[in-house]
Amino acid sequence: MKKSQKKEYNSTLKLRAKITAYTVDKKNLTKKIQIKIVYPKSKTEKLYKKSTIKLKKLGTYKINYYVTNPNNGMVTKVTSKVTVKDTKKPRISGVSSKKTLEYNAVKNLKYKVKAKLVSGKNMTSKIVIKVKEPGSKSYKKLSANAYKKYKFSKTGIYYVQYTVANPYNKKAVAKKETVITVKDTKTPLFAGITATRKAEYKDILNLKAGVTAKLVSGVNMTSGIAIKVKAPGAKQFQLLNAAAYTRYRFDALGIYVVQYSVTNPNNKNATAVKTMTVTVKDTKAPVISGVKEEQQIVTGDGLELRKDVRAVLLSGKDVTAQIKVSVKKPDGTESEWTAQGAFIFDKAGTYIVTYTAVNPDGGARSEAEMKVIVIDDQQIPVSPDNGQKSAPEQEIGN
């Protein structure tokens, strides 16, 4: 029998192994041995009848063996002290082998993670947490403030390591690790897209100028932007290639709808869509045609001032009916000509006929002038051949 020995917590001790008792005359009393135990932190001795005991308490057990000599009634007592310790690795629970998190997620790395010794002593407060971030070669120990609100600010793979040592055996260290894959699966973010815009008829614009897209994690997604346009009167959007959207021509009046979309490559269901409406108008000055630079006539003759004169917007809209005609006479007086038929030039001199056309959408105006030189019919030279007055010189420039 060992007078003292050490045992591991929760181990089984055979109380009668190699325990014998004999009288001096060799009479075997082994079966008469009585066992009494004083448990750790107790002073009371208790009779124990089983041959084995599960050591479920830490501390020192006193195993007292008693045997009575039937020849003289004398009692022999022998004590064996058994010191029970918990020296094995602690047990860590609540650590998953792997998980996936969203970029910028904030987590308590110790949430639901627990540790205890085999004997049941709580070791959770002694857990050491280390993290190896994506791109890093080494682990970094985290303070309590850090691991309680740890922010996963990078995409990639994190290694989170949990360790705890047995205070009774520094070499007994439990270790567990979780592999955390951090992804950015959220809808991308657009910048540089205005909700509404105005454009002039026939303007050519780069629809992608100033427009950018990126993931929440900052990854540039601008090259992945798809641009579609629904022109005025169209029922469907048309997907544009780079050549088309970098020099897109607004060749119709009305409202265009420009649609921008980009998909997160980590999540095909996360697509950002933004639209811009472009109102296209023709607000530039009309183009006046058919106005002659100069004409010569004699007094008393007339001209139909509106004949062959037209005014058209760049978009093709005819605004001829809105043309205003004013006549400045040789004496300097000027008045608008609104009557139908011919204007009679009754005085000799130079007349200035001004044509004014105004764009009804925006007020841009254009003017054209015609100079009319009126010769007094009394001053027309007589032809030596027939004695008649010569005809006025024909229109210049025709």
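## A parallel strand pair

Strand S27 and strand S34 (residues 365-375) pair in the parallel sense over five bridges, where helices (H or I, at least four residues) and strands (E, at least two) are DSSP runs numbered from the N terminus, and two strands count as paired if DSSP finds at least two bridges between them. Within this pairing, Gln296 has Ile373 in S34 as its bridge partner.

This is a predicted model, in which local features need pLDDT of at least 70 and side-chain atom pairs count only at pLDDT 80 or more, while totals for chains, interfaces and linings use all residues. Residues are numbered from 1 along each chain as its sequence is written, and side-chain values use heavy atoms, with hydrogens and water left out.

## The open sheet

S27 and S34 belong to an open sheet of five strands, which run in the order S27-S34-S33-S30-S31 with mixed pairing. At the edges stand strand S27 (294-298) and strand S31 (334-337), each of which pairs on one side only. From one strand to the next the twist averages 25 degrees, with axes taken as lines fitted to C-alpha atoms (for helices over the stretch in contact) and angles running from 0 to 180 degrees between N-to-C directions.

## Aromatic pairs

The structure holds eleven aromatic pairs; rings of Phe, Tyr and Trp (its six-membered ring) pair if their centres lie within 6.5 Å, and planes under 30 degrees apart count as stacked, over 60 as edge-to-face and the rest as tilted. One of them joins Tyr39 and Tyr61, whose ring centres are 5.7 Å apart and whose planes stand at 65 degrees, so the pair is edge-to-face. Because Tyr39 lies in the loop between strand S3 (34-38) and strand S4 (45-48), and Tyr61 in strand S6 (residues 59-68), the pair ties together parts that are 22 residues apart in sequence. Tyr39 is partly exposed, with a relative accessible area of 21%, whereas Tyr61 is buried at 2%; buried means under 20% relative accessible area, exposed over 50%, and partly exposed in between (1.4 Å probe, protein chains only).

Tyr150 and Tyr158 also form an edge-to-face pair, at 6.2 Å centre to centre and with 85 degrees between the planes. Tyr150 is buried at 7% relative accessibility, and Tyr158 is buried at 0%. Elsewhere, ring pairs link Trp337, Phe343, Phe345 and Tyr351 into a cluster.

## Lysines over rings

A charge sits over a ring if NZ of Lys or CZ of Arg is within 6 Å of the ring centre and within 35 degrees of the ring normal. Lys36 lies over the face of Tyr66, at 5.3 Å from the ring centre, and Lys132 lies over the face of Tyr159, at 5.0 Å from the ring centre.
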